[in-house]
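Please find below a note for a colleague who is meeting this structure for the first time. The points are numbered so that each can be checked against the model in turn.

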Amino acid sequence: MRRLLPIAWAAVLLAALTVTATLMAQVASAHAARIAEDPADNAILTSSPSQVSATFNERLQTTFAAMTVVGPDANIWSADAPNVRGAVVAVGVRPLGPAGRYTVNYRVTSADGHVVSGSWSFGLTVPGTGTPGPAAAASDEGGDIPTWPFAVGAIIAVGVGALWAIRRRP
């Protein structure tokens, strides 16, 4: 029993240190963050921009980028595939149609491989004569899954296992 007790405490301590190191590493490794957009968030325009773009605080991976412009009519007004150059992702825009709020949705991959998504909006006050693309699909994007419940669960599991091992030994 006396020999098993230090081993159990060492296992609990090792699990706690591992979880702490994992959580701290995630805090330290910052992901790409949008620092500017064109047109600016909540800008009011009288004519259609030829493209929209977002600038991030670090280089982006060029694969798997997505960017769409969805109009007040729920149609897609962006044209072609997005273009990633360094820290900027951009997509062409068709000549806009109805006046109202247009939302730019993006999904990019930061240099560390983390997927970053978000959106911003701008308004169009003078209706255009453009033709939209297809209707926008409904999005069910959620946020990142928090890691702390898994860390707490791991610590509890190791602690329960250690206590069970200690009590089980004669």
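**Notes on the predicted model**

1. Thr109 counts as buried, at 7% relative accessibility, where buried means under 20% relative accessible area, exposed over 50% and partly exposed in between, with a 1.4 Å probe and protein chains only. This residue belongs to strand 7, residues 100–110; helices (H or I, at least four residues) and strands (E, at least two) are DSSP runs, numbered from the N terminus. Apart from its neighbours within four places in sequence, Thr109 is in contact with Leu60, Gln61, Thr63, Phe64, His114 and Val115, contact being heavy atoms within 4.5 Å.

2. Residues are numbered from 1 along each chain as its sequence is written, and side-chain values use heavy atoms, with hydrogens and water left out.

3. Strand 2 and strand 8 (residues 115–124) run parallel and are joined by 3 bridges, and Ile44 has Gly123 of strand 8 as its bridge partner.

4. A further open sheet of 4 strands has the order 1-3-6-5 with antiparallel pairing. Here strand 1 and strand 5 are the edge strands, each pairing on one side only, and neighbouring strands are turned by 15° against each other on average, direction ignored. Strand 5 and strand 6 (residues 88–93) run antiparallel and share 5 bridges, with Ala79 standing opposite Gly92 in strand 6.

5. Some backbone values deserve a careful look, as most residues other than glycine have a negative phi, and most peptide bonds are trans. Asp80, in strand 5 (residues 78–85), is not a glycine but has a positive phi of about 70°, and at 76% relative accessibility Asp80 counts as exposed. Asn42, in the loop between strand 1 and strand 2, likewise has a positive phi, near 65°. Pro39 is placed in the loop between strand 1 (34–38) and strand 2 (43–45), and the peptide bond joining Asp38 and Pro39 is cis, with omega about 0°.

6. How many salt bridges does the count come to? The count is 1 salt bridge, defined as a side-chain nitrogen of Lys or Arg within 4 Å of a carboxyl oxygen of Asp or Glu. Glu37 forms a salt bridge with Arg34, and their closest N and O atoms are 2.8 Å apart. Glu37 is partly exposed at a relative accessible area of 22%, and Arg34 is partly exposed at 27%.

7. Val152, Ile156 and Val160 make a nonpolar surface patch of about 260 Å². Patches are made of residues with over 30% relative accessible area and no salt bridge, like charges being joined within 9 Å and nonpolar side chains (Val, Leu, Ile, Met, Phe, Trp, Tyr) within 5 Å; accessible areas come from the Shrake-Rupley method with a 1.4 Å probe, and for residues only the protein chains shown count as cover. Val152 is found in helix 2 (residues 148–168) and is partly exposed, with a relative accessible area of 41%.

Conventions:
This is a predicted model: local features need pLDDT of at least 70, side-chain atom pairs count only at pLDDT 80 or more; totals for chains, interfaces and linings use all residues. Two strands pair if DSSP finds at least two bridges between them. Axes are lines fitted to C-alpha atoms, for helices over the stretch in contact, and angles run from 0 to 180 degrees between N-to-C directions.
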